[in-house]
Amino acid sequence: MQALTASIMIVDDTKFSSAVVKKYLDATGFTDIRIADNAIDAISMLKERNADILLADWLMPGMDGLALTQLVRELNRRKNEFTYIMLLTAKEETTDLKEAFASGVDDFIGKTSLKNQLLPRIYAAQRISQVQNSLLQRERKIKEQYKKLSILNRTDPTTGVGNLKFLEHQLSRYLKQHKGRSGHLGLLLCRIDNFESIRKLKDRKDSNHLLKLIGKRLQDVARPLDDVARINESTFAIALYGHEPSFITQALVRRVQDSLFVKAYPVGGDFHHLKGTLQYDIVDSSTATPADASSFLAQALDRLNNLVEGHSVFFWEDDEISYA
């Protein structure tokens with residue numbers, strides 16, 4: 001025997017009619033049945049939990065069955081769910097039925113045929129609804145898996161911070177906002193100049209641990225909403241965005257300098273020091289907006305690669321700091 005697991009909602013302003021329909025369904029074995037006296041209450045209930053099958057009177061005061069159908073379809077679209085909609089009606093003219101189907105109705109039952117046709121049509125509606133919702137559920141899982149893969153695809157596997165693709169995505173967002181003159185964008189590049197010393201660590205786990213510490217220190221000194229990424233083997237970056245120019249300070253850059261290149265790294269029972277170069281670019285109202293994130297980042301990397309080791313340049317007020 002077919003399992004009667006469908007969730008059913010009856011919408012009718014006449015309580016007697018609702019009671020009659022519910023009686024037929026109860027007698028057949030359906031247990032998940034909800035009743036709404038009007039379309040507004042029905043939508044409110046469907047927002048909380050979807051119904052596999054909706055039985056609604058076509059003619060109701062305030063909002064009729066066709067208007068309710070359109071709202072349910074919009075709710076289905078937003079929640080990525082399916083509801084089989086069946087109207088109960090005394091209308092049987094061809095033009096009326098065409099209007100109903102054009103509005104998104106799946107089926108209809110003449111009230112005079114209710115006793116003989118309700119249950120067979122409910123069984124068919126249950127099968128269709130289960131198939132549709134099963135497909136939608138599978139689609140949701142695929143989208144969730146894709147989202148997880150997309151996140152992994154934008155994460156540096158060694159350090160756990162963002163990668164080049166992640167940084168370009170964030171910079172693109174910030175540049176769009178900046179074109180509307182709604183903020184200021186900063187890009188701090190951090191190059192590890194003695195990266196070969198990391199490679200030469202005897203244990204690969206130690207070298208990976210050291211790289212993780214670099215990413216962790218950058219996350220610690222950055223603001224909560226700043227974006228930290230490792231964009232190539234030896235270069236890390238912080239992307240900053242703010243509505244006030246004061247969010248960009250030399251203090252932040254000096255904190256990064258001290259955290260990365262002054263404090264030692266405890267790795268493998270020993271302490272390691274890194275040497276590096278910092279470069280800071282800013283896009284504000286006084287500078288030309290880069291064409292896109294890729295060109296902005298490429299130009300910044302070109303300037304960084306032309307800097308000698310240990311020579312930091314900050315491009316917002318021609319301030320240069322050299323350190324060992």
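Does Asn80 count as buried or exposed, and at what relative accessibility? Before the answer, some ground rules. This is a predicted model, where local features need pLDDT of at least 70, side-chain atom pairs count only at pLDDT 80 or more, and totals for chains, interfaces and linings use all residues. Residues are numbered from 1 along each chain as its sequence is written, and side-chain values use heavy atoms, with hydrogens and water left out.

Now Asn80. Asn80 counts as buried because its relative accessibility is 18%; buried means under 20% relative accessible area, exposed over 50%, and partly exposed in between, with a 1.4 Å probe and protein chains only. Asn80 sits in the loop between helix H3 (65-79) and strand E4 (84-89). Helices (H or I, at least four residues) and strands (E, at least two) are DSSP runs, numbered from the N terminus. Asn80 is not a glycine, yet its phi is positive, about 55°.

Next, Val308, in the loop between helix H10 (293-305) and strand E12 (311-314). Val308 counts as exposed, because its relative accessibility is 56%. Beyond its neighbours within four places in sequence, Val308 is in contact (heavy atoms within 4.5 Å) with Arg191 and Thr277. Asp193 is 115 residues from Val308 along the chain, and their C-alpha atoms are separated by 9.4 Å.

Last, confidence. pLDDT is the predictor's confidence in each residue, from 0 to 100. The protein chain has a mean pLDDT of 85, with 89% of its residues at 70 or more. Over residues 315-324, pLDDT stays under 50, and the model has 33 contacts beyond four places in sequence for them.
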